[in-house]
Amino acid sequence: MIGRQRLVRSLICGILVLTISGCGPFAEDQAELHYRLKVEVETPQGLRSGSSVIWVRAVRNPDWVNPEARGIRTKYRGEAVAIDLPNGRTLFALLRTVSGNTDAPADWPVTSFDDILDRQADFVDSVKQLSQITRSGVMRPLPKTEHILPNGGEDIPALPLLVTFKDTNDPGSVVRVDSDDLAASFGAGYRLKAITAEISSGPVTTGIEKRLGWLSQSDDGGLDPTMGVTAKPTLAQQLGFSDFRRQ
């Protein structure tokens, strides 16, 4: 009996060692990278830009786990991009698409660099490939649209949702900005030049709460916490703190 117990303990210890070392049947296959999301705006006073470094992690769980956990999972951490404009306003590119996809920031570097990736690679392997890019200045534009289904179908917007505030101290004053018509929000001479992704070795961007003090609140009550049941929620009722910052 003692010999059998020792054997079981030895097997358990062996599995733990393999798992911790990144080997064995219980180990996760994972990859991570940092990338810089950059937004450039043409203004009557010249080019203005802003950027944010975002961390992305992709994990491939083995097939033996339960159906809810198996497959590839992604997570990210970072902040929305803030672009200070010469008219005293600030344009924000949020951590969600125009269509409401809040997982998109994890996908943006892979979809942007699709031209240099192995078309047969899954998401984890694609992140591994991108993490090997060490040269600065290698960037790609974000795709404007994406397919809902892998085999095609109707394209939906894939660019970040752009917003500004009538008063940055009042989250409820948020208004949407049309990426194809910045002049409608800021006046003649304002135009979105580019939104790009660049693989980066820099630290994840922090500090957006210095611009938007209400982000320092402990609870994410949303930009309009007074929302009740409604068929037509306002933009402020649709947005939350996590659209500006993921920790």
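In which strand is the place of Glu-146? The legends below, which describe a predicted model, take up this question in the first view.

View 1. Glu-146 has its place in strand S7, which covers residues 145-149. With a relative accessibility of 25%, Glu-146 counts as partly exposed, because that value falls between the 20% under which a residue is buried and the 50% over which a residue is exposed. Although Glu-146 and Thr-111 are 35 residues apart along the chain, their C-alpha atoms are separated by 9.0 Å.

**View 2. The open sheet of six strands.** The strands of this open sheet follow the order S6-S11-S1-S2-S3-S12, and their pairing is antiparallel. Strand S6 (139-141) and strand S12 (245-246) stand at the edges, where each has a single partner strand, so one side of each is left without a neighbour in the sheet. Within the sheet, strand S1 (residues 29-43) pairs with strand S11 (residues 191-200) in the antiparallel sense, and nine bridges join the two. In this pairing, Val-39 has Ile-195 of S11 as its bridge partner.

**View 3. Two helices and the sheet.** Helix H2, formed by residues 104-112, packs on the sheet and touches S1, strand S2 (46-61), strand S3 (71-79), S6 and S11, with a direction that makes about 85 degrees with that of S1. Helix H3, formed by residues 123-131, lies across S1, S2, S3 and S11, and runs at about 65 degrees to S1.

View 4. Thr-90 lies in strand S5, which covers residues 90-97. The relative accessibility of Thr-90 is 13%, and Thr-90 therefore counts as buried, the cut-off for that class being under 20%. When residues up to four places away in sequence are not counted, Thr-90 touches Ala-82, Ile-83, Asp-84, Val-163, Thr-164 and Arg-211. With one of these residues, Asp-84, the side chain of Thr-90 makes a polar contact, side chain to side chain, at 3.2 Å.

**View 5. The second largest pocket and its lining.** The second largest pocket holds about 230 Å³ of space. Its lining is made up of 14 residues, of which Lys-144, Leu-159, Asp-180, Leu-192 and Lys-193 are the closest to the centre of the pocket. Strand S11, which also pairs with S1 in the sheet, gives the most to this lining, contributing five residues.

Technical notes
Residues are numbered from 1 along each chain as its sequence is written. This is a predicted model: local features need pLDDT of at least 70, side-chain atom pairs count only at pLDDT 80 or more; totals for chains, interfaces and linings use all residues. Side-chain values use heavy atoms; hydrogens and water are left out. Two strands pair if DSSP finds at least two bridges between them. Helices (H or I, at least four residues) and strands (E, at least two) are DSSP runs, numbered from the N terminus. Contact means heavy atoms within 4.5 Å. Axes are lines fitted to C-alpha atoms, for helices over the stretch in contact, and angles run from 0 to 180 degrees between N-to-C directions. Buried means under 20% relative accessible area, exposed over 50%, partly exposed in between (1.4 Å probe, protein chains only). A polar contact is a pair of N or O atoms within 3.5 Å; within protein, one must be able to donate a hydrogen and the other to accept it, and residues adjacent in sequence count only if both atoms are side-chain atoms. On a 1 Å grid over the protein atoms alone, a cavity is a set of points where a 1.4 Å probe fits but cannot get out, and a pocket is an open set with protein on both sides within 12 Å along at least five of seven lines; lining residues have an atom within 4 Å of a point. Grid points are joined across faces, edges and corners, and a volume is the space filled by probe spheres set on the points.
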